[in-house]
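Come along and keep the model in view as you read.

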Amino acid sequence: ETLDIIDKLTQNIVKNPAEDKFRRIKLTNPKIAAAITNVPNAVEALKQMGWIEVPDGLALPMSVSFTDEKEALAILEAKDHYKKLAENKDVAPDKQAESMPNVPANDVFEYRDYEGETIRLVKHRDDSPPCIEVFVEGASFWKGIPDYSM
């Protein structure tokens with residue numbers, strides 16, 4: 001539900017970029033509190049998108065625009081990720097591991113995140129261009145070249 005709410009907020013701004021009412025989020029609203037305020041890292045995700053704290057919640061400055069649809073695409077990718085995770089719950093862990101590439105040990109970094117999920121970063125040196133692939137619980141989540149610009 002959190003991603004659905006963030007998606008709806010983003011779509012409202014894309015469709016109505018000049019309307020102030022869509023550029024404010026009252027974090028005490030019961031529906032917003034249940035889906036965003038009380039969900040770990042949800043408010044932080046909104047801040048990463050450009051939202052800023054104001055006395056009654058969050059606001060998106062007029063200088064922030066979602067017209068390039070990068071934010072909407074990121075939300076859709078996150079929704080797809082969690083859908084795949086839900087589908088993979090019925091797949092045995094050894095079958096999930098089969099989908100992971102066999103690469104030299106020094107090209108793999110694996111850890112458990114704060115939610116206990118296994119995250120695996122794999123360097124693909126032989127790809128052109130070389131890239132990194134991120135696996136979450138054995139399912140490929142993202143593959144590409146990291147963009148460190150902000």
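**Entry 1: the pocket.** I began with the second largest pocket, which holds about 170 Å³ of space. I kept in mind that this is a predicted model.

Which residues line this pocket? I listed Ile5, Lys8, Leu9, Asn12, Lys21, Phe22, Arg24, Ile25, Lys31 and Ile32. Next I looked up the elements that give two or more residues to this lining, and I found α1 (2-15), β1 (24-25) and α2 (30-37). The element that gives the most is α1, with four residues.

Five of its residues are nonpolar, four are charged and one is polar.

**Entry 2: the sheet.** I turned to the strands next. A reminder to myself: strands of a sheet pair through backbone hydrogen bonds, in a parallel or an antiparallel way. Here I found an open sheet of four strands, ordered β4-β5-β6-β7, with antiparallel pairing.

Which strands stand at the edges? They are β4 (108-112) and β7 (139-144), and each has a single partner strand, so one side of each is left without a neighbour in the sheet. I also noted the twist, which averages 15° from one strand to the next.

Entry 3: I followed β5 (residues 118-124) and β6 (residues 131-136) along their antiparallel run. How many bridges join β5 to β6? I noted six bridges between these two strands.

Conventions:
Residues numbered from 1 in each chain as written. Predicted model: local features only at pLDDT ≥ 70, side-chain atom pairs only at ≥ 80, totals over all residues. Heavy atoms only, no water. 1 Å grid on protein atoms, 1.4 Å probe; cavity = no way out; pocket = protein on both sides within 12 Å on 5 of 7 lines; lining within 4 Å. Points joined across faces, edges and corners; volume = space filled by probe spheres on them. Nonpolar A, V, L, I, M, F, W, Y, C, P; charged D, E, K, R; others polar. Pairing = 2+ DSSP bridges. Axes fitted to C-alpha atoms, helices over the stretch in contact; angles between N-to-C directions.
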